[in-house]
Amino acid sequence: MTATKRIKRALVSVYHKDGLDEILKKLNAEGVSFVSTGGTKTFIESLGIACDAVEDLTGYPSILGGRVKTLHPKVFGGILARRENEGDQAQLAQYEIPEIDLVIVDLYPFEETVASGADEQSIIEKIDIGGISLIRAAAKNFKDVVIVASKHQYTPLLNLLNEKGAETSLEDRKWFAKEAFAVSSGYDSAIFNYFDNREGSYFRVAIDQPMHLRYGENPHQKGLFYGQFNNMFDQLHGKEISYNNLLDIDAAVNLIDEFDELTFAILKHNNACGVASRSNVVDAWKDALAGDPVSAFGGILITNTTINKEAAEEINKIFFEVIIAPAYDADALAILEQKKNRIVLVRKECKTCPMQFRSLLNGALMQEKDLSIQTESDLVAMTEKQPSAKEVEDLLFANKIVKNSKSNAITLVKNKQLCASGIGQTSRVDSLKQAIEKAHSFNFDLQGAVMASDAFFPFPDCVEIADKAGITAVIQPGGSIKDELSVAYCNEHNIAMVKTGVRHFKH
């Protein structure tokens, strides 16, 4: 028995024919015979190559509107028969089944049809049955058969034919089988996710071509992104994106999506270090930067409006890694592209998955995204003093930022501008002290500012510290068994406190 096999007969049934002609001509020159169906058979014959019809092999026509063409023992017997098995060979002879040594299949474009917004019937008709069965059969019998399961494998097949002619090694066939099962599993995952309608009944994810990142979390770590980055962004300029860039980009998008009004945000290590909502992009940028001009160095910038020339001139004064906007004026883009490594992204309209995933231990966590955005109607007064209209604006603004900050988190806001955050501390008191100290270091007057907390206050210590700093209104989820202690302090010191009933804890 030899592991080297010669291709003598090929079954070809493909949806995409681009790039196939050179392969067919090469196989024909090697003396390979062909069997095919419908449009593929016509295509083969248009190249001047003889081709048998599957219908002639099976004795049955294509039926049920083309749903059944290749599903027949004379097709699958020729693929699955073990060449060194005497019993298999005897049955091939008995039932006049020819061996098939190469199967080239390209499945119906199911995902593309879903993405096009087609009606359900059109989508269902793009669920390939015969093709997926041919792939599995040929891949199972890789010891004897070569399987090409996608147009993406046309090039490897052509390279193999140019190098070895119609001869293949066991290693070659096993590689193609591995690629085939990647295609079939991905195809089935796409179909399941369509039927599941993003409910997350089971964890099925399959992405064929990862995005190669500059490196992982640290330069000595390899990084890949399995997703469709180009569906969400156009990269206009800059170096290859890294793992950390992607984490920050994700955090930036989640934050900016909280705001309907014109807003600019600066993030560092997934947390906001500057946010401001203003009537124009230049003022929004300047006030966002004022929140922490030190941390902004090397940060990620994002806005929900077009970047104009005046804004670009101001932004260009600092070093940053990435800028994201829905659009850029041409003269603004010329300014921002002056630094060769600076990553400039245009954000496109794109639906994102409503679920979040995180790998850990020997599995993965899945949860719904925190898409809850509180409005004024969600606020419940906890104190005798009611917040003013201006304080309500700032409280809701602060709550959006604290929701997107690492816990334990406190944000201090005044006039729809982030004065400072305290983030990622093991104690909420430490987070608040950090925020106050940081605000003072950048000369913010906290008298009349508001405070947001991502979780309830188990003790009144935080409101006491906030009061001494000049905070006049507080927003928190509420729900502590000792809520009344914080409320009592606020009532005594004329501080307005509201609760949302929604905790935004974020590891």
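In these legends, contact means that heavy atoms lie within 4.5 Å. Helices (H or I, at least four residues) and strands (E, at least two) are DSSP runs, numbered from the N terminus. Residues are numbered from 1 along each chain as its sequence is written. The model is predicted, so local features need pLDDT of at least 70 and side-chain atom pairs count only at pLDDT 80 or more, while totals for chains, interfaces and linings use all residues; side-chain values use heavy atoms, with hydrogens and water left out.

**View A. Helix 4 and its cover.** Let us start with helix 4, which spans residues 73-80. Its buried residues (buried means under 20% relative accessible area, exposed over 50%, partly exposed in between, with a 1.4 Å probe and protein chains only) are Val75, Phe76, Gly77, Gly78 and Ile79. Among the elements that cover these residues are two strands, strand 2 (9-14) and strand 5 (102-106). The cover also includes helix 3 (54-58), helix 5 (86-94) and helix 8 (130-140).

**View B. Thr113 in helix 6.** Here you can find Thr113 within helix 6, residues 110-115. Thr113 counts as buried because its relative accessibility is 12%. Which residues does Thr113 touch, leaving aside its neighbours within four places in sequence? The contacts are Ala118, Ser122, Ile123 and Lys126.

View C. Nine aromatic pairs occur in the structure. Rings of Phe, Tyr and Trp (its six-membered ring) pair if their centres lie within 6.5 Å; planes under 30 degrees apart count as stacked, over 60 as edge-to-face and the rest as tilted. One of the pairs joins Phe110 and Tyr187, edge-to-face, with 6.4 Å from centre to centre and 65° between the planes. Phe110 belongs to helix 6 and Tyr187 to helix 10 (residues 170-196), so this pair ties together parts that are 77 residues apart in sequence. Phe110 is buried at 2% relative accessibility, and Tyr187 is buried at 10%. Both rings belong to one aromatic cluster, formed by Phe110, Tyr187, Tyr194 and Phe195.

View D. How many disulfides (pairs of cysteine sulfur atoms within 2.5 Å) does the count come to? The count is zero. For the sulfur of Cys273, the closest cysteine sulfur is in Cys419, 14 Å away, so it is too far for a bond. Cys273 counts as buried at 9% relative accessibility, and Cys419 is buried too, with a relative accessible area of 1%.

Methods
A disulfide is a pair of cysteine sulfur atoms within 2.5 Å.
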